[in-house]
Amino acid sequence: MSLEHPAVSVVMAAYNGAAFIRETIDSLFAQTMTDFEIVVVDDRSKDDTLVVLAAIGDPRLRVFQAEENGGPAVARTIAMGHARGRFIAGLDQDDLCRPDRFAVQLAYLAAHPDIVLVGSAIEPFDGERVRSGPFPDLVEPARIDWMMTMLNPIAWSTVMMRGEAARALDPFERDDYRFAEDFDLYRRIRAQGRIGRIAEPLVRYRLHPGGASQRHEEGMIASAARVLLERYQALFGDGALDAALLMSRYASARHAPPDALVLRRCGAVMEHLLATQDALPAEEALESASRLWWRMARTGLRAGSYGLPALLRAQPGFARVRDARGRSIGDAAIGAARMLRRRP
C-alpha cells in the first residue's frame with residue numbers, strides 16, 4: 001500500500017453529515033482491500049461534520065473544505081482534484097459499503113477491460129428495515145445502455161471508475177445538472193467505454209428524511225429530464241421535453257401517474273424508444289420495457305389514480321400481461337379503497 005499512490009480514491013461530498021458520516025467511513029475502514037484513500041470535501045457544513053472527521057485518526061482519510069457552499073457536484077469535483085488513486089469510487093456520506101466492495105469491483109474491472117465504470121445493486125434500509133433494491137438483474141452493458149434512455153439505473157454510492165476516464169471529464173461533475181449530476185456523468189463517461197453493473201448489493205443505501213432524494217426530489221426530476229433531453233431532442237422534436245419529463249417523473253422517480261391519459265402518454269414515449277433503439281435485440285428490449293411499464297402502471301393503480309379497466313385501455317402493445325405477475329388485481333383493490341376514502 002502507498003499513501004501517495006493508492007489503488008482507489010473515494011471521493012465524498014460532506015454537508016451536515018455528522019449523524020452518519022462516521023459510520024460510513026468505518027464501513028470503508030472495514031474493507032478487505034486496504035489500499036485506498038478517502039477524499040472528503042466539506043461543503044461548509046453547519047453542524048459538527050468537521051469535528052467528527054477530525055477525530056478519525058487514520059492517514060488514509062484526507063479532509064478538505066470548500067471555500068463556499070456549492071453543492072455536491074462542486075464538492076465532488078474539488079475532491080476529484082485531490083484524488084490520487086488509479087480507480088475512483090463514489091460514496092455518499094450516509095451510505096454503507098459491504099466489506100468486499102472494493103475487492104469485488106476491482107476484480108470485475110480487471111476482468112472487463114472495456115468497462116470504464118461499474119456500479120452494483122443496492123440494499124435500501126431504513127433503521128432496521130431492509131428493502132429490495134431496484135433492477136436486481138440489470139448487469140449487461142447493453143441493457144444498461146437501453147435503460148439509460150429512460151432512467152438512471154446506477155446509484156452513485158456504488159460507482160467505481162477507471163481513473164484515466166474520470167480525470168478526462170471536464171468538469172468531473174456539472175453543477176448545471178444538480179441532483180442528477182451522477183446521471184449526467186454516466187452519460188458523458190460512456191463515450192470512453194462501457195458501463196457495467198454487479199448483481200450483488202455491495203452498498204447499503206440509507207433512506208431517511210434528511211436524504212437528498214427526499215429533500216430535492218423536484219430538482220432531481222427536472223435535472224434528470226435535462227439529461228434525457230439531450231438524447232430525446234433528435235427523437236421527439238418539439239415533444240422532447242414533455243417526453244423527458246414523463247420518463248423522469250414516472251419511470252425514474254416512480255411517481256404514480258395521476259390518470260390513465262398520462263399512463264398512455266408514458267407508453268407512447270416508450271413505444272417510440274423501442275422503435276428507435278439499437279442497444280439490444282428487439283425481444284430483450286421489449287421485455288424490459290414491458291416490465292418497466294407495468295411497474296409504472298401498477299404504481300398508479302395502487303394509488304387509486306385509475307381502475308383496472310382504464311389501465312387496460314391505456315396498455316400499449318409492447319406491455320405483456322404476464323409481466324404484471326398477477327399482482328394487478330390486488331393493486332386495483334387497494335386503489336379502489338383509496339379512491340373511496342378520497343370521496344366527499
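This report walks through some of the salt bridges in a predicted model.

## Ground rules

Local features here need pLDDT of at least 70, side-chain atom pairs count only at pLDDT 80 or more, and totals for chains, interfaces and linings use all residues. Residues are numbered from 1 along each chain as its sequence is written, and side-chain values use heavy atoms, with hydrogens and water left out.

## The overall tally

Side chains of opposite charge can pair when their charged atoms come close. Searching the whole structure turns up 26 salt bridges, each being a side-chain nitrogen of Lys or Arg within 4 Å of a carboxyl oxygen of Asp or Glu.

## R76 and its two partners

Let's start with R76. It pairs with D92, with the closest N and O atoms 3.0 Å apart. R76 sits in helix 3 (residues 72-82), while D92 lies in the loop between strand 4 (87-90) and strand 5 (96-97), 16 residues apart. Helices (H or I, at least four residues) and strands (E, at least two) are DSSP runs, numbered from the N terminus.

R76 also forms a salt bridge with E173, again with the closest N and O atoms 3.0 Å apart. E173 is in the loop between helix 6 (163-167) and helix 7 (181-189), 97 residues from R76. Both E173 and R76 are buried (under 20% relative accessible area; exposed is over 50%, partly exposed in between, with a 1.4 Å probe and protein chains only). D92 counts as partly exposed because its relative accessibility is 22%.

## A strand-to-strand link and a network

R204 in strand 9 and E123 in strand 6 are 81 residues apart, yet they form a salt bridge at 3.1 Å between the closest N and O atoms.

Finally, R174, D184, R187, R188 and E230 join up in a network of salt bridges.
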